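Q: I am new to this structure. Please take a close look at its nonpolar packing, and describe what surrounds that part.

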Amino acid sequence: MKVKEKREIIERIIDLCESVRSRGLDPFDVQVKELLEKLRELFPELKKLEELYLDMRAVSGLADVILHQSEWLKHRSSVLYLDPLLITLKMQVMEPAELAEIFTKCWHPILEMESISPSALRTGLDYWTELPPLSERGAELGGMELQTGRITEEELREMGILSEEEFSRILEEEWKKMLQNVGKRGISYWKWVCAKTFEETVRRSWIMSFLISYGYVDVEVRPLEEDIIIRPRSKPAQEAEPRTLVIPITYEEWRKHARKG
C-alpha cells in the first residue's frame with residue numbers, strides 16, 4: 001500500500017472520531033473493533049515520525065469513542081430507557097382492555113389534580129347560570145358605561161391646556177422642521193414620529209394628525225410596501241381634502257419601530 005493511501009485511511013479514522021466528539025454523531029455508528037484491526041495492520045508499515053503521530057491520534061480518537069459509548073449506556077440505564085420500537089411492538093399485541101386499564105392508571109386529569117370535586121363544579125355552574133346579565137347588574141349598582149372618544153383642539157383650549165397661539169406655534173414649528181429636513185421627497189410616517197420615548201412618539205403623532213388635517217402635510221399610502229409617506233407642502237392647502245386615516249399608536253407598535261431605528 002502506498003504511503004499516501006495509508007495516510008488517508010488514518011486521517012479518515014481521526015475525522016470520524018472527531019465527528020463523535022464535536023458534531024454529536026452516534027458513537028455506536030463507529031465500528032471500533034474493525035478500525036482498530038485496520039490500524040494494527042497498518043502499524044508495521046509506518047516508519048516516519050509523522051505517520052506514527054497520526055496513528056497515535058487515531059488510537060486516541062477511538063478510545064474517546066469508547067468513552068462516549070460508555071457514557072451513553074450509563075445515561076440510558078439511569079433514566080430506565082426503553083426502546084420505542086419495543087414499546088410499539090408490545091402495544092400491538094396487547095388487548096384493548098389491557099391498554100384501557102393502563103391508561104386509566106396513568107391518566108391524571110388537570111381537574112382532578114386541582115382537587116375540584118363534582119359538587120364544586122355543580123355549584124359553579126349554578127352560580128353562572130343564575131347570575132343576571134351584566135347590563136342588569138350595572139343598572140342595580142348605578143354604574144355607567146364609559147366610552148372612548150377623541151379630544152379636539154377646541155376642547156383643549158376650553159380646558160385651558162393649550163392656547164390657540166401656542167397651538168398654532170407648535171404646528172408652524174413642526175411644519176417648518178419638516179420642510180427643512182425632509183423637503184418634497186417625503187419621509188416614512190413612523191420614521192418621522194417615532195421618538196426615544198413612547199410619550200414623545202404619541203405627542204409627535206398627535207401634532208402630525210393636525211398638520212395633515214389642516215393641509216400642511218400630504219399623505220401617500222403605499223399598501224404593497226406597508227408604509228405611509230408624509231410630505232410637507234410648500235404652503236398649506238386652502239381647502240384641504242377631508243380624509244380619514246387611522247394609525248394606531250400602541251406601546252408594542254412603538255417598540256417595534258424604535259428597534260428599527
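A: Cys106 is exposed, because its relative accessible area is 54%, where exposed means over 50%, buried under 20% and partly exposed in between (1.4 Å probe, protein chains only). Cys194 is partly exposed, at 22% relative accessibility. The whole structure contains zero disulfides, a disulfide being a pair of cysteine sulfur atoms within 2.5 Å.

This is a predicted model, in which local features need pLDDT of at least 70 and side-chain atom pairs count only at pLDDT 80 or more, while totals for chains, interfaces and linings use all residues. Residues are numbered from 1 along each chain as its sequence is written, and side-chain values use heavy atoms, with hydrogens and water left out.

The protein chain has 13 helices and three strands; these are DSSP runs, with helices (H or I) of at least four residues and strands (E) of at least two, numbered from the N terminus. Of its 261 residues, 23% count as buried.

Now to the packing. A nonpolar core is a set of buried Ala, Val, Leu, Ile, Met, Phe, Trp, Tyr and Cys residues joined through side-chain atoms within 4.5 Å. The largest one has 20 residues, and those touching the most other members are Tyr189, Trp192, Met208, Leu211, Val217 and Ile230. Two or more residues come from each of helix H10 (164-181), helix H11 (189-193), helix H12 (198-213), strand S2 (217-222) and strand S3 (227-232). H10 gives the largest share, five residues.

Met208 shows how these pieces meet. Apart from neighbours within four places in sequence, Met208 is in contact with Met178, Tyr189, Trp192, Val193, Val217 and Ile230, contact meaning heavy atoms within 4.5 Å. A second, separate core has 16 residues, among them Ile9, Ile14, Val30 and Leu39.

With neighbours within four places in sequence set aside, Gln69 is in contact with Pro27, Phe28, Val30 and Val32. Gln69 counts as buried because its relative accessibility is 15%.

Ser19, in helix H1 (residues 3-22), is likewise buried, at 9% relative accessibility. Leaving out neighbours within four places in sequence, Ser19 is in contact with Gly24 and Leu25.

Over the chain, among contacts between residues at least 6 apart in sequence, 61% join residues at least 24 apart.
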